[in-house]
Amino acid sequence: MISTAPVKQTAVLVSVIDKRQNEDQAFEYLDELEFLASTLNIKTKYKFYQKLEKPDIRTFVGKGKLEEIQTAVKAEEIDIVIFDDDLSPSQLRNLEKEFKVKIYDRSLLILDIFLKRARTAQAKTQVELARNEYLLPRLTRMWTHLERQRGGTGTRGGAGEKEIETDRRMIRNQINVLKKKLEKIEKQRETQRKRRENQVRVALVGYTNVGKSTIMRLLTKADVLAEDKLFATVDSTVRKIAIHNIPFLLSDTVGFIRKLPHNLIESFKSTLDEVREADILVHVVDVSHPSFEEHMKVVDETLAELNAKDKPTLIVFNKIDQYRDHLEHWEEEEHGEDESRPVSLEYLKNSYMNKENTSAVFISAVNKENIEEMRDKLFELVKDRYLEIYPNFLIPDYYYGKYEE
Ligand SMILES: Nc1nc2c(ncn2[C@@H]2O[C@H](COP(=O)(O)OP(=O)(O)OP(=O)(O)O)[C@@H](O)[C@H]2O)c(=O)[nH]1
Ligand SMILES: [Mg+2]
(Lines give C-alpha, C1' and ligand atoms only; values in the text may rest on other atoms or scores of the structure.)
(Ligands and ions follow the chains in the order given, each with its own letter.)
Protein backbone atom coordinates (compact mmCIF):
# COMPACT_ATOMS: atom_id res chain seq x y z
CA MET A 1 0.00 0.00 0.00
CA ILE A 2 1.23 3.48 -0.82
CA SER A 3 0.36 6.39 1.43
CA THR A 4 -0.50 9.62 -0.33
CA ALA A 5 -0.46 11.80 2.80
CA PRO A 6 2.21 14.50 2.49
CA VAL A 7 5.27 13.60 4.50
CA LYS A 8 6.33 16.42 6.78
CA GLN A 9 9.81 17.59 5.92
CA THR A 10 12.30 18.12 8.71
CA ALA A 11 14.76 20.94 9.15
CA VAL A 12 17.52 22.34 11.28
CA LEU A 13 17.75 26.10 11.72
CA VAL A 14 20.91 28.17 11.80
CA SER A 15 21.41 31.78 12.79
CA VAL A 16 24.33 34.06 13.44
CA ILE A 17 24.19 36.78 16.07
CA ASP A 18 26.72 39.50 16.57
CA LYS A 19 28.25 40.69 19.85
CA ARG A 20 25.57 43.30 20.49
CA GLN A 21 22.82 40.70 20.65
CA ASN A 22 22.23 38.41 23.58
CA GLU A 23 21.13 34.78 23.78
CA ASP A 24 17.50 35.65 24.34
CA GLN A 25 17.47 37.43 21.03
CA ALA A 26 19.11 34.50 19.28
CA PHE A 27 16.35 32.22 20.58
CA GLU A 28 13.71 34.75 19.58
CA TYR A 29 14.98 34.92 16.04
CA LEU A 30 15.14 31.14 15.81
CA ASP A 31 11.60 30.84 17.20
CA GLU A 32 10.39 33.22 14.53
CA LEU A 33 12.21 31.21 11.88
CA GLU A 34 10.63 28.02 13.22
CA PHE A 35 7.21 29.63 12.96
CA LEU A 36 7.95 30.66 9.38
CA ALA A 37 9.04 27.10 8.54
CA SER A 38 5.94 25.60 10.15
CA THR A 39 3.84 27.79 7.88
CA LEU A 40 5.34 25.74 5.03
CA ASN A 41 4.64 22.53 6.95
CA ILE A 42 8.32 22.03 7.78
CA LYS A 43 9.11 20.55 11.17
CA THR A 44 12.10 21.92 13.06
CA LYS A 45 14.32 19.33 14.77
CA TYR A 46 17.30 21.37 15.92
CA LYS A 47 18.31 25.01 16.21
CA PHE A 48 21.88 26.25 16.03
CA TYR A 49 23.36 29.65 16.49
CA GLN A 50 26.83 31.08 16.49
CA LYS A 51 28.25 34.36 17.73
CA LEU A 52 30.22 35.99 14.96
CA GLU A 53 31.11 39.54 14.04
CA LYS A 54 29.77 38.81 10.55
CA PRO A 55 28.56 35.61 8.86
CA ASP A 56 31.42 33.66 7.28
CA ILE A 57 31.93 34.67 3.64
CA ARG A 58 32.21 31.10 2.40
CA THR A 59 29.94 29.03 4.61
CA PHE A 60 27.93 31.45 6.79
CA VAL A 61 29.09 29.75 10.02
CA GLY A 62 32.55 28.60 11.06
CA LYS A 63 34.09 25.19 10.47
CA GLY A 64 33.38 23.75 13.91
CA LYS A 65 29.72 24.76 13.82
CA LEU A 66 29.43 23.35 10.32
CA GLU A 67 30.55 19.95 11.58
CA GLU A 68 28.14 20.11 14.50
CA ILE A 69 25.25 20.80 12.12
CA GLN A 70 26.41 18.08 9.74
CA THR A 71 26.31 15.51 12.54
CA ALA A 72 22.70 16.40 13.32
CA VAL A 73 21.71 16.39 9.65
CA LYS A 74 23.12 12.90 9.16
CA ALA A 75 21.88 11.42 12.44
CA GLU A 76 18.31 12.62 11.96
CA GLU A 77 18.14 12.34 8.18
CA ILE A 78 17.23 16.01 7.95
CA ASP A 79 15.73 17.25 4.66
CA ILE A 80 16.46 20.97 4.83
CA VAL A 81 18.92 23.36 6.47
CA ILE A 82 17.45 26.83 6.93
CA PHE A 83 19.54 29.95 7.50
CA ASP A 84 18.09 33.01 9.22
CA ASP A 85 19.81 35.39 6.83
CA ASP A 86 20.22 35.77 3.13
CA LEU A 87 22.93 33.63 1.57
CA SER A 88 25.01 34.74 -1.37
CA PRO A 89 24.95 32.48 -4.44
CA SER A 90 28.39 31.14 -3.57
CA GLN A 91 27.50 30.50 0.07
CA LEU A 92 24.49 28.55 -1.16
CA ARG A 93 26.65 26.43 -3.43
CA ASN A 94 29.25 25.74 -0.75
CA LEU A 95 26.65 24.81 1.84
CA GLU A 96 24.88 22.54 -0.55
CA LYS A 97 28.11 20.75 -1.28
CA GLU A 98 28.75 20.45 2.43
CA PHE A 99 25.36 19.15 3.57
CA LYS A 100 24.02 17.51 0.39
CA VAL A 101 20.46 18.45 1.36
CA LYS A 102 18.17 21.31 0.39
CA ILE A 103 19.32 24.72 1.62
CA TYR A 104 16.89 27.52 2.36
CA ASP A 105 17.67 31.04 3.39
CA ARG A 106 15.28 33.48 4.99
CA SER A 107 14.31 35.14 1.72
CA LEU A 108 13.50 31.92 -0.09
CA LEU A 109 11.42 30.75 2.89
CA ILE A 110 9.38 33.97 2.90
CA LEU A 111 9.05 33.91 -0.88
CA ASP A 112 7.68 30.36 -0.77
CA ILE A 113 5.18 31.31 1.93
CA PHE A 114 4.02 34.25 -0.16
CA LEU A 115 3.74 31.98 -3.18
CA LYS A 116 1.53 29.62 -1.22
CA ARG A 117 -0.61 32.39 0.23
CA ALA A 118 -1.15 34.69 -2.77
CA ARG A 119 -4.73 34.61 -4.00
CA THR A 120 -5.27 37.43 -6.50
CA ALA A 121 -3.69 37.51 -9.94
CA GLN A 122 -1.76 40.59 -8.93
CA ALA A 123 -0.26 39.07 -5.78
CA LYS A 124 0.58 35.84 -7.60
CA THR A 125 2.36 37.71 -10.38
CA GLN A 126 4.22 39.89 -7.88
CA VAL A 127 5.52 36.92 -5.92
CA GLU A 128 6.46 34.95 -9.02
CA LEU A 129 8.42 37.92 -10.27
CA ALA A 130 10.24 38.37 -6.96
CA ARG A 131 11.01 34.65 -6.81
CA ASN A 132 12.41 34.53 -10.34
CA GLU A 133 14.59 37.54 -9.67
CA TYR A 134 15.86 35.87 -6.55
CA LEU A 135 16.58 32.61 -8.38
CA LEU A 136 18.32 34.04 -11.44
CA PRO A 137 21.80 34.48 -9.88
CA ARG A 138 21.40 31.20 -7.99
CA LEU A 139 20.51 29.07 -10.93
CA THR A 140 23.52 26.76 -10.78
CA ARG A 141 22.26 25.46 -7.52
CA MET A 142 18.72 24.99 -8.77
CA TRP A 143 20.09 23.15 -11.76
CA THR A 144 22.03 20.73 -9.62
CA HIS A 145 18.81 20.12 -7.71
CA LEU A 146 17.08 19.14 -10.93
CA GLU A 147 19.98 16.90 -11.80
CA ARG A 148 19.76 15.08 -8.51
CA GLN A 149 16.00 14.65 -8.83
CA ARG A 150 16.59 12.92 -12.14
CA GLY A 151 18.98 10.70 -10.25
CA GLY A 152 21.54 11.25 -12.93
CA THR A 153 24.71 12.78 -11.59
CA GLY A 154 27.65 11.65 -13.63
CA THR A 155 25.66 10.13 -16.49
CA ARG A 156 25.20 13.57 -18.01
CA GLY A 157 28.46 14.89 -16.70
CA GLY A 158 26.81 17.19 -14.13
CA ALA A 159 25.17 20.51 -14.79
CA GLY A 160 26.63 21.78 -18.03
CA GLU A 161 27.20 25.50 -18.54
CA LYS A 162 25.11 25.28 -21.68
CA GLU A 163 22.06 23.93 -19.88
CA ILE A 164 22.43 26.52 -17.16
CA GLU A 165 22.59 29.24 -19.79
CA THR A 166 19.39 27.92 -21.40
CA ASP A 167 17.66 27.96 -18.03
CA ARG A 168 18.88 31.46 -17.33
CA ARG A 169 17.45 32.64 -20.62
CA MET A 170 14.15 30.98 -19.79
CA ILE A 171 13.95 32.73 -16.45
CA ARG A 172 14.88 36.08 -17.98
CA ASN A 173 12.05 35.69 -20.51
CA GLN A 174 9.70 34.73 -17.73
CA ILE A 175 10.69 37.86 -15.79
CA ASN A 176 9.86 40.04 -18.81
CA VAL A 177 6.50 38.37 -19.31
CA LEU A 178 5.62 38.79 -15.64
CA LYS A 179 6.65 42.45 -15.65
CA LYS A 180 4.37 43.17 -18.62
CA LYS A 181 1.52 41.31 -16.97
CA LEU A 182 1.96 43.34 -13.79
CA GLU A 183 1.97 46.61 -15.70
CA LYS A 184 -1.38 45.70 -17.20
CA ILE A 185 -2.91 44.77 -13.84
CA GLU A 186 -1.52 47.93 -12.28
CA LYS A 187 -3.13 50.10 -14.95
CA GLN A 188 -6.49 48.62 -14.09
CA ARG A 189 -5.89 49.24 -10.41
CA GLU A 190 -4.89 52.79 -11.21
CA THR A 191 -8.40 53.56 -12.52
CA GLN A 192 -9.83 51.87 -9.44
CA ARG A 193 -7.71 54.07 -7.25
CA LYS A 194 -8.77 57.24 -9.06
CA ARG A 195 -12.34 56.43 -8.20
CA ARG A 196 -11.34 56.41 -4.55
CA GLU A 197 -9.82 59.84 -4.59
CA ASN A 198 -12.57 61.60 -2.69
CA GLN A 199 -12.78 59.09 0.08
CA VAL A 200 -10.98 58.79 3.36
CA ARG A 201 -8.60 55.87 3.26
CA VAL A 202 -7.40 53.96 6.30
CA ALA A 203 -4.82 51.16 6.21
CA LEU A 204 -4.22 48.51 8.85
CA VAL A 205 -0.48 47.96 9.15
CA GLY A 206 1.70 45.97 11.52
CA TYR A 207 4.04 43.07 12.04
CA THR A 208 2.80 39.72 10.77
CA ASN A 209 0.36 37.76 12.97
CA VAL A 210 -0.58 40.66 15.25
CA GLY A 211 -4.33 40.51 14.49
CA LYS A 212 -4.86 42.91 11.57
CA SER A 213 -7.30 40.62 9.75
CA THR A 214 -9.16 39.86 12.99
CA ILE A 215 -9.64 43.59 13.55
CA MET A 216 -10.62 44.09 9.91
CA ARG A 217 -13.26 41.41 10.36
CA LEU A 218 -14.45 42.98 13.57
CA LEU A 219 -14.86 46.40 11.99
CA THR A 220 -16.34 45.28 8.69
CA LYS A 221 -17.93 41.96 9.58
CA ALA A 222 -16.32 40.85 6.33
CA ASP A 223 -15.12 37.33 5.96
CA VAL A 224 -11.41 37.96 6.10
CA LEU A 225 -9.04 35.06 6.64
CA ALA A 226 -7.33 35.20 10.04
CA GLU A 227 -5.01 32.42 11.05
CA ASP A 228 -2.28 31.72 13.53
CA LYS A 229 0.22 31.53 10.73
CA LEU A 230 2.67 34.05 9.43
CA PHE A 231 1.52 35.95 6.36
CA ALA A 232 -2.06 34.69 6.32
CA THR A 233 -2.77 37.85 4.35
CA VAL A 234 -0.66 38.49 1.29
CA ASP A 235 -3.15 40.37 -0.87
CA SER A 236 -4.65 43.59 0.34
CA THR A 237 -8.38 43.69 0.94
CA VAL A 238 -10.34 46.93 0.81
CA ARG A 239 -13.80 47.40 2.33
CA LYS A 240 -16.02 50.41 2.62
CA ILE A 241 -17.34 50.96 6.13
CA ALA A 242 -18.70 53.77 8.30
CA ILE A 243 -18.34 54.84 11.91
CA HIS A 244 -21.03 57.20 13.20
CA ASN A 245 -22.18 57.69 9.61
CA ILE A 246 -18.81 58.87 8.32
CA PRO A 247 -17.81 56.53 5.52
CA PHE A 248 -14.25 55.49 4.76
CA LEU A 249 -12.25 52.75 3.07
CA LEU A 250 -10.40 50.30 5.27
CA SER A 251 -7.69 48.07 3.87
CA ASP A 252 -6.04 45.04 5.41
CA THR A 253 -2.45 44.67 4.23
CA VAL A 254 0.38 42.20 4.18
CA GLY A 255 2.25 42.00 7.47
CA PHE A 256 5.80 43.23 7.87
CA ILE A 257 8.67 41.20 9.26
CA ARG A 258 12.33 41.57 10.10
CA LYS A 259 14.45 41.36 6.94
CA LEU A 260 11.62 41.22 4.42
CA PRO A 261 13.28 40.21 1.14
CA HIS A 262 14.10 43.29 -0.85
CA ASN A 263 12.83 41.81 -4.14
CA LEU A 264 9.53 41.24 -2.44
CA ILE A 265 9.16 44.85 -1.31
CA GLU A 266 10.08 45.96 -4.83
CA SER A 267 7.49 43.84 -6.57
CA PHE A 268 4.85 44.43 -3.90
CA LYS A 269 5.18 48.17 -4.37
CA SER A 270 1.73 48.53 -5.87
CA THR A 271 0.08 46.48 -3.13
CA LEU A 272 1.96 48.57 -0.61
CA ASP A 273 0.55 51.64 -2.39
CA GLU A 274 -2.48 50.96 -0.26
CA VAL A 275 -0.28 51.96 2.68
CA ARG A 276 1.48 54.79 0.88
CA GLU A 277 -1.75 56.38 -0.29
CA ALA A 278 -3.65 55.97 2.96
CA ASP A 279 -4.72 59.12 4.83
CA ILE A 280 -4.60 57.38 8.18
CA LEU A 281 -2.75 54.36 9.52
CA VAL A 282 -3.89 51.93 12.17
CA HIS A 283 -0.70 50.37 13.49
CA VAL A 284 -1.64 47.08 15.14
CA VAL A 285 0.78 45.69 17.74
CA ASP A 286 0.74 42.29 19.45
CA VAL A 287 1.49 43.57 22.93
CA SER A 288 1.68 40.01 24.31
CA HIS A 289 4.76 39.29 22.20
CA PRO A 290 8.01 39.61 24.17
CA SER A 291 9.61 41.59 21.33
CA PHE A 292 6.67 43.82 20.51
CA GLU A 293 8.80 46.94 20.79
CA GLU A 294 11.34 45.61 18.31
CA HIS A 295 8.45 44.70 16.01
CA MET A 296 7.13 48.26 16.24
CA LYS A 297 10.54 49.48 15.20
CA VAL A 298 10.61 47.17 12.18
CA VAL A 299 7.18 48.46 11.14
CA ASP A 300 8.27 52.08 11.56
CA GLU A 301 11.38 51.44 9.48
CA THR A 302 9.38 49.76 6.71
CA LEU A 303 6.89 52.65 6.76
CA ALA A 304 9.77 55.09 6.44
CA GLU A 305 11.02 53.14 3.42
CA LEU A 306 7.57 53.56 1.88
CA ASN A 307 7.52 57.28 2.72
CA ALA A 308 4.45 56.68 4.87
CA LYS A 309 5.80 57.43 8.31
CA ASP A 310 4.26 60.79 9.05
CA LYS A 311 0.58 60.02 8.61
CA PRO A 312 -1.90 60.41 11.46
CA THR A 313 -1.70 57.05 13.23
CA LEU A 314 -3.75 55.17 15.77
CA ILE A 315 -1.66 52.57 17.60
CA VAL A 316 -3.78 49.57 18.55
CA PHE A 317 -2.15 47.39 21.20
CA ASN A 318 -3.92 44.10 20.64
CA LYS A 319 -4.06 40.77 22.53
CA ILE A 320 -4.26 42.26 26.03
CA ASP A 321 -6.01 39.03 27.08
CA GLN A 322 -2.86 37.10 26.22
CA TYR A 323 -0.68 39.72 27.91
CA ARG A 324 -2.62 39.18 31.14
CA ASP A 325 -2.24 35.40 30.78
CA HIS A 326 1.51 35.76 30.37
CA LEU A 327 1.72 37.96 33.45
CA GLU A 328 -0.17 35.40 35.48
CA HIS A 329 2.09 32.60 34.34
CA TRP A 330 5.10 34.68 35.18
CA GLU A 331 3.88 35.06 38.76
CA GLU A 332 3.46 31.29 39.07
CA GLU A 333 6.89 30.39 37.72
CA GLU A 334 10.21 30.63 39.50
CA HIS A 335 12.59 33.38 38.42
CA GLY A 336 16.17 34.29 39.07
CA GLU A 337 17.03 37.61 40.65
CA ASP A 338 18.36 39.10 37.45
CA GLU A 339 15.09 38.52 35.61
CA SER A 340 12.93 41.58 35.71
CA ARG A 341 9.20 41.29 36.13
CA PRO A 342 7.19 42.23 33.03
CA VAL A 343 5.48 45.57 33.53
CA SER A 344 1.78 45.79 34.23
CA LEU A 345 -0.72 46.65 31.54
CA GLU A 346 -1.48 49.86 33.44
CA TYR A 347 2.15 50.86 33.27
CA LEU A 348 2.28 50.22 29.54
CA LYS A 349 -0.90 52.20 29.03
CA ASN A 350 0.48 55.14 30.95
CA SER A 351 3.73 55.19 29.07
CA TYR A 352 2.19 54.95 25.60
CA MET A 353 -1.03 56.86 25.97
CA ASN A 354 0.67 59.92 27.40
CA LYS A 355 2.97 60.37 24.45
CA GLU A 356 2.30 63.55 22.57
CA ASN A 357 0.77 63.37 19.11
CA THR A 358 -0.03 59.69 19.31
CA SER A 359 -3.38 58.14 19.69
CA ALA A 360 -3.31 54.70 21.28
CA VAL A 361 -5.74 52.11 22.54
CA PHE A 362 -5.39 48.73 24.26
CA ILE A 363 -7.77 46.03 23.08
CA SER A 364 -8.44 42.35 22.73
CA ALA A 365 -9.89 41.68 19.30
CA VAL A 366 -10.72 38.09 20.20
CA ASN A 367 -12.49 38.90 23.49
CA LYS A 368 -13.94 42.09 21.97
CA GLU A 369 -12.56 44.26 24.75
CA ASN A 370 -12.38 48.06 24.30
CA ILE A 371 -13.61 47.85 20.72
CA GLU A 372 -15.92 50.82 21.13
CA GLU A 373 -13.02 52.91 22.39
CA MET A 374 -10.99 51.86 19.35
CA ARG A 375 -13.84 52.82 17.02
CA ASP A 376 -14.20 56.20 18.67
CA LYS A 377 -10.51 56.95 18.47
CA LEU A 378 -10.42 55.92 14.84
CA PHE A 379 -13.47 58.09 14.26
CA GLU A 380 -11.61 61.11 15.62
CA LEU A 381 -8.91 60.71 12.97
CA VAL A 382 -11.29 59.83 10.13
CA LYS A 383 -13.54 62.76 10.94
CA ASP A 384 -10.67 65.27 10.71
CA ARG A 385 -9.70 64.00 7.28
CA TYR A 386 -13.32 63.82 6.13
CA LEU A 387 -13.84 67.47 7.03
CA GLU A 388 -10.81 68.37 4.94
CA ILE A 389 -12.41 66.74 1.91
CA TYR A 390 -15.97 67.87 2.71
CA PRO A 391 -15.61 71.10 4.71
CA ASN A 392 -19.33 71.76 4.73
CA PHE A 393 -20.29 68.47 6.29
CA LEU A 394 -21.99 68.87 9.68
CA ILE A 395 -21.18 66.35 12.36
CA PRO A 396 -23.75 66.11 15.19
CA ASP A 397 -22.35 67.52 18.45
CA TYR A 398 -22.80 64.39 20.47
CA TYR A 399 -20.05 62.61 18.56
CA TYR A 400 -17.50 65.05 19.84
CA GLY A 401 -15.33 64.86 22.88
CA LYS A 402 -16.22 61.41 24.07
CA TYR A 403 -12.67 60.51 25.03
CA GLU A 404 -11.24 63.96 25.42
CA GLU A 405 -10.34 65.46 28.78
N1 LIG B 1 -5.29 35.88 22.26
C2 LIG B 1 -5.59 36.68 21.23
N3 LIG B 1 -5.34 36.24 19.97
C4 LIG B 1 -5.65 37.07 18.93
C5 LIG B 1 -6.21 38.37 19.15
N6 LIG B 1 -6.39 38.94 17.94
C7 LIG B 1 -5.97 38.05 17.01
N8 LIG B 1 -5.54 36.92 17.61
C9 LIG B 1 -5.03 35.70 16.94
O10 LIG B 1 -3.78 35.98 16.33
C11 LIG B 1 -3.63 35.20 15.14
C12 LIG B 1 -3.30 36.08 13.95
O13 LIG B 1 -4.40 36.90 13.63
P14 LIG B 1 -4.60 37.56 12.20
O15 LIG B 1 -5.79 38.45 12.31
O16 LIG B 1 -4.56 36.53 11.14
O17 LIG B 1 -3.26 38.42 12.13
P18 LIG B 1 -2.69 39.28 10.90
O19 LIG B 1 -2.01 40.45 11.51
O20 LIG B 1 -3.77 39.53 9.90
O21 LIG B 1 -1.60 38.27 10.32
P22 LIG B 1 -0.94 38.21 8.83
O23 LIG B 1 -2.01 38.40 7.83
O24 LIG B 1 -0.37 36.84 8.84
O25 LIG B 1 0.12 39.27 8.79
C26 LIG B 1 -4.95 34.45 14.96
O27 LIG B 1 -4.78 33.14 15.49
C28 LIG B 1 -5.93 35.24 15.81
O29 LIG B 1 -6.99 34.44 16.29
C30 LIG B 1 -6.45 38.79 20.51
O31 LIG B 1 -6.95 39.87 20.81
N32 LIG B 1 -6.10 37.89 21.49
MG1 LIG C 1 -3.89 39.01 7.96
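Strands β6 (237-243) and β7 (246-252) run antiparallel and are joined by seven bridges. Ile243 has Ile246 of β7 as its bridge partner. Helices (H or I, at least four residues) and strands (E, at least two) are DSSP runs numbered from the N terminus. This is a predicted model: local features need pLDDT of at least 70, side-chain atom pairs need pLDDT 80 or more, and totals for chains, interfaces and linings use all residues. Residues are numbered from 1 along each chain as its sequence is written, while chains are lettered from A and ligands numbered from 1 in the order in which they are written.

The open sheet has six strands, in the order β6-β7-β5-β8-β9-β10, with mixed pairing. Strands pair if DSSP finds at least two bridges between them. β6 and β10 (359-362) each have a single partner strand, so one side of each lacks a neighbour in the sheet. The twist averages 25° from one strand to the next.

α8 packs on this sheet and touches β5, β6, β7, β8 and β9. Its direction makes about 155° with that of β7. Contact requires C-beta atoms, placed from the backbone, within 7 Å. Axes are lines fitted to C-alpha atoms, for helices over the stretch in contact; angles run from 0 to 180 degrees between N-to-C directions.

The largest share, three residues, is from α8.

| Class in the shell around ligand 1 | Residues |
|---|---|
| nonpolar (Ala, Val, Leu, Ile, Met, Phe, Trp, Tyr, Cys, Pro) | seven residues |
| polar (the others, Gly among them) | eleven residues |

Methods. Contact = placed C-beta atoms within 7 Å.
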